[in-house]
Amino acid sequence: MQIYSGKSVFSGIAIGKICVYQKSEQQVKRVRTEDGEKEWARYNEAKEKALDQLRGLYEKALKEVGEANAAIFEVHQMMLEDDDYNESIENIIRTQKVNAEYAVASTSDNFSTMFSSMDDDYMKERAADVKDISERILSLLAGGEKGKVVTDEPVIIVADDLAPSETVQLEKDKVLSFVTVHGSVNSHTAILARTMAIPALIGTEMPLDERVDGKFAVVDGVNGKIYVEPDEETFAELKERQREELEKKELLLQLKGKENITLDGKKIMLYANIGNIKDLATVVQNDAGGIGLFRSEFIYLEKEDYPTEEEQFKIYKTAVETMAGKRVIIRTLDIGADKQCDYFKMEKEENPALGYRAIRICLTQTEIFKTQLRALFRASAYGNLAIMYPMITSLWEVKRIKEIVEEVKAELTAEEIEFGNPQQGIMIETPAAVMVSGELAKEVDFFSIGTNDLTQYTLAIDRQNPKLDLFYNAHHPAVLSMIKMTVENAHKAGIWAGICGELGADTSLTKDFLAMGVDELSVSPGSILPIRKIILETNVEEYKRGNYADGETL
Ligand code: PEP
Ligand code: MG
C-alpha cells in the first residue's frame with residue numbers, strides 16, 4: 001500500500017482505478033513560411049472554433065455549477081479576443097514568417113511570463129488562463145480536441161494540475177475523484193471541484209506514471225489522503241465510511257433542491273455555519289441556502305501573526321464567489337474566552353468569558369477592527385456578503401460600530417477602492433442584548449441568536465466546564481423565552497431574526513422555532529437536510545394550537 005497526502009478541496013470517499021491524466025502536450029515546431037496570409041487565416045479559423053467551444057463550456061458550467069463559476073469561460077473568451085494577444089500572434093506570423101503554432105506558443109509564453117511577474121495575485125493567476133486558451137488553439141491547429149479523458153469505467157483522475165476548462169470537461173459520471181500534484185485552494189479549478197461535488201485533493205506529492213496508473217486506489221477526501229493498493233484492513237474501514245457517506249447522500253438526493261417550506265406555507269432560511277473556507281464544499285454539498293455564520297476568528301487562530309487585510313480579503317472573496325449570490329454572513333473577530341491567540345498578548349483574566357473578548361477588543365483596538373472591516377467591505381463587492389458583530393450588550397456599541405464603519409467606507413472611497421453595500425447585523429447572545437433588542441433592532445438589518453453564549457450567560461454556567469453539564473440546559477424556559485422575545489422585537493422593527501448557536505440544530509426544537517417565527521436557522525452543514533425534512537413535514541399553525549416550547553408554556 002502506498003499513501004500520499006494532499007489538501008482536500010472536497011470531501012467524500014472515492015474507490016476505483018487511477019487514470020493518470022496526461023496533458024496533450026503540444027510539440028510546437030518553428031516552421032518558416034512565406035504564406036503569412038494562410039497562417040493568419042488558419043489561426044483565425046482555430047480561434048473561431050475555440051470561441052465556439054468556450055461558449056459551449058460556459059453553457060455547460062452555467063447549468064452545472066452556476067453563473068459565478070461559469071464566468072471563467074467568459075474570461076477565456078475575452079482573453080482570446082484581446083487585441084494585444086491577437087496582435088502579438090499576427091506580428092510573429094508576419095514579421096518572423098513562421099507558422100501559426102509557433103506564433104501562438106511564443107505569445108503564450110510571453111504573456112504568461114508577464115502575468116506571473118505581476119504583484120497582483122489576481123493577475124498572476126491569469127498566467128494559467130493564457131496557457132489554457134493557447135493550448136486550446138494549438139490543439140485545434142493540430143486538428144484534435146483538447147484534454148479528453150477516454151475511459152469506459154469511472155476512474156480517479158490523477159494529474160499534475162488541471163485547468164478549469166479541463167475540470168469542467170470531465171464527464172462527471174466517468175470521474176470518481178481527482179487528485180493533483182499542483183493547484184491552489186483558491187484557484188477556479190478548486191472552486192469548480194467543490195461546486196461539482198467531486199472528492200478532490202490538491203498539492204499531492206505523487207508519481208504520475210505506471211507506479212500508480214491503472215492501480216486500484218481509495219481517495220479519502222475527508223482526511224486528504226489517497227491510498228494506492230490499500231491493504232485489506234484499510235480498505236474495509238474506508239469502504240464502511242463510504243457506505244455511511246452514501247447513506248447520507250441518499251437523504252441528500254431526496255431533499256436537495258427542495259424549498260424549506262412548511263405544509264402551511266411558511267418559508268425559512270436554512271444556512272450553514274463554517275469556520276474555514278475549506279468547509280464551503282460541504283456547505284454546497286448539503287444544499288445550504290447560504291452561510292449564516294462564518295467564524296472569522298479561525299483565520300486569526302490559524303496564524304502566527306495578525307492576518308493582513310489582503311489575506312482576509314481573499315478568503316472572504318472566495319467565500320462569496322463560491323456561494324454564487326447566496327448570502328454569506330461573516331462574523332467579525334470573536335477572540336477571547338476559550339479562543340486565545342498568543343500574538344494578541346492578552347492579559348490573564350479571572351473570568352475570561354466575562355472579560356475582554358470579541359467586540360470589546362474591536363472597539364478598543366480599532367486598528368485590528370478596521371483591517372477586518374476593510375477586507376469585508378472590499379469583498380462585499382464580489383457577492384452577497386453580510387457582516388455580523390458578536391457579543392453586543394448595549395446600544396452605544398452598535399452606534400460606535402456604525403461610526404467606525406463610516407470611517408472605513410470614507411477611507412476606501414478616498415482611495416478609490418470598490419466596495420459593496422453589505423447587510424449588517426448583530427449577534428444576540430447576551431441577556432442584555434435580548435432585553436434591549438427592541439432598540440437594537442432599529443439600528444441593524446438582522447439578528448442572529450447565539451444560543452451557546454446566551455445559555456451560558458442566562459444560566460450563569462461556564463459553557464466550558466464539564467462539571468456543570470447537569471445544570472447546562474439549553475431548553476431552559478428562560479432561554480426559549482429570550483429567543484421568542486428577540487424574534488418578536490426583530491419583527492416589530494421589520495428585520496429578520498435567526499439562530500446560529502448549536503440549539504438551532506436541535507431537531508427536537510425545530511417545530512418550536514418555526515412556531516416562534518424564527519426566520520433563519522444556521523447549523524453545521526450536515527444538519528441541514530435533517531432539519532429540512534422536519535420543516536417539510538410541519539404545519540406550523542396546527543402545531544401552535546398544541547403546547548409548544550416557547551418558554552411560557554413549559
Ligand atoms: C454562540 O454563542 O451561540 C455562537 C454561535 O458563537 P460561538 O459559539 O462562536 O461563541
Ligand atoms: Mg458566541
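Tutor: Start with helix H13, whose buried residues are Ile368, Phe369, Lys370, Gln372, Leu373, Arg374, Ala375, Leu376, Phe377, Arg378 and Ala379. The structure is a predicted model, in which local features need pLDDT of at least 70 and side-chain atom pairs count only at pLDDT 80 or more, while totals for chains, interfaces and linings use all residues. Residues are numbered from 1 along each chain as its sequence is written, chains are lettered from A and ligands numbered from 1 in the order in which they are written, and side-chain values use heavy atoms, with hydrogens and water left out.

Buried means under 20% relative accessible area, exposed means over 50%, and partly exposed lies in between (1.4 Å probe, protein chains only). Helices (H or I, at least four residues) and strands (E, at least two) are DSSP runs, numbered from the N terminus.

H13 is largely enclosed by the rest of the structure, because 11 of its 14 residues are buried. The expected span of a helix is 1.5 Å times one less than its number of residues. For H13, residues 366–379, that gives 20 Å, and the end C-alpha atoms are 20 Å apart, so the two values agree. An α-helix has 3.6 residues a turn, so residues three or four places apart point the same way.

Next come the loops. Ala358 sits in the loop between strand S11 (327–331) and helix H12 (359–364). Its phi is near 50°, a positive value in a residue other than glycine. Most residues other than glycine have a negative phi. Ala358 counts as buried, because its relative accessibility is 1%. Glu229 also has a phi near 50°, again positive in a residue other than glycine. This residue lies in the loop between strand S8 (225–228) and helix H8 (232–255), and at 40% relative accessibility Glu229 counts as partly exposed.

Now the cysteines. A disulfide is a covalent bond between the sulfur atoms of two cysteines. Here a disulfide is counted when a pair of cysteine sulfur atoms lies within 2.5 Å. By this rule the count is 0. Cys362 is in no disulfide, and the nearest cysteine sulfur, that of Cys341, is 12 Å away. For Cys500, which is likewise in no disulfide, the nearest cysteine sulfur is that of Cys362, 16 Å away. Cys362 is buried at 1% relative accessibility, and Cys500 is buried at 1%.

The ligand comes next. A residue is near a molecule or strand if one of its heavy atoms lies within 4 Å of it. There are 14 residues around ligand 1, and Arg295, Arg331, Gly450, Asn452 and Arg463 come nearest. Ala, Val, Leu, Ile, Met, Phe, Trp, Tyr, Cys and Pro count as nonpolar, Asp, Glu, Lys and Arg as charged, and the others, Gly among them, as polar. On that scheme the shell has 3 nonpolar, 4 polar and 7 charged residues.

A polar contact is a pair of N or O atoms within 3.5 Å; within protein, one must be able to donate a hydrogen and the other to accept it, and residues adjacent in sequence count only if both atoms are side-chain atoms. An oxygen atom of ligand 1 lies 3.1 Å from an N or O atom in the side chain of Lys339. For Asn452, a polar backbone atom is 2.7 Å from a ligand oxygen. In Asp453, a side-chain N or O atom is 3.0 Å from an oxygen of ligand 1. Taken alone, ligand 1 exposes 290 Å², and the protein buries 99% of that; such areas come from the Shrake-Rupley method with a 1.4 Å probe, and for residues only the protein chains shown count as cover. Strand S10 (290–295) and helix H17 (451–459) are the elements that give two or more residues to the shell, and H17 has the largest share, 3 residues.

Asn286 is buried at 11% relative accessible area, and a polar atom of its side chain is 2.8 Å from the backbone oxygen of Thr282.
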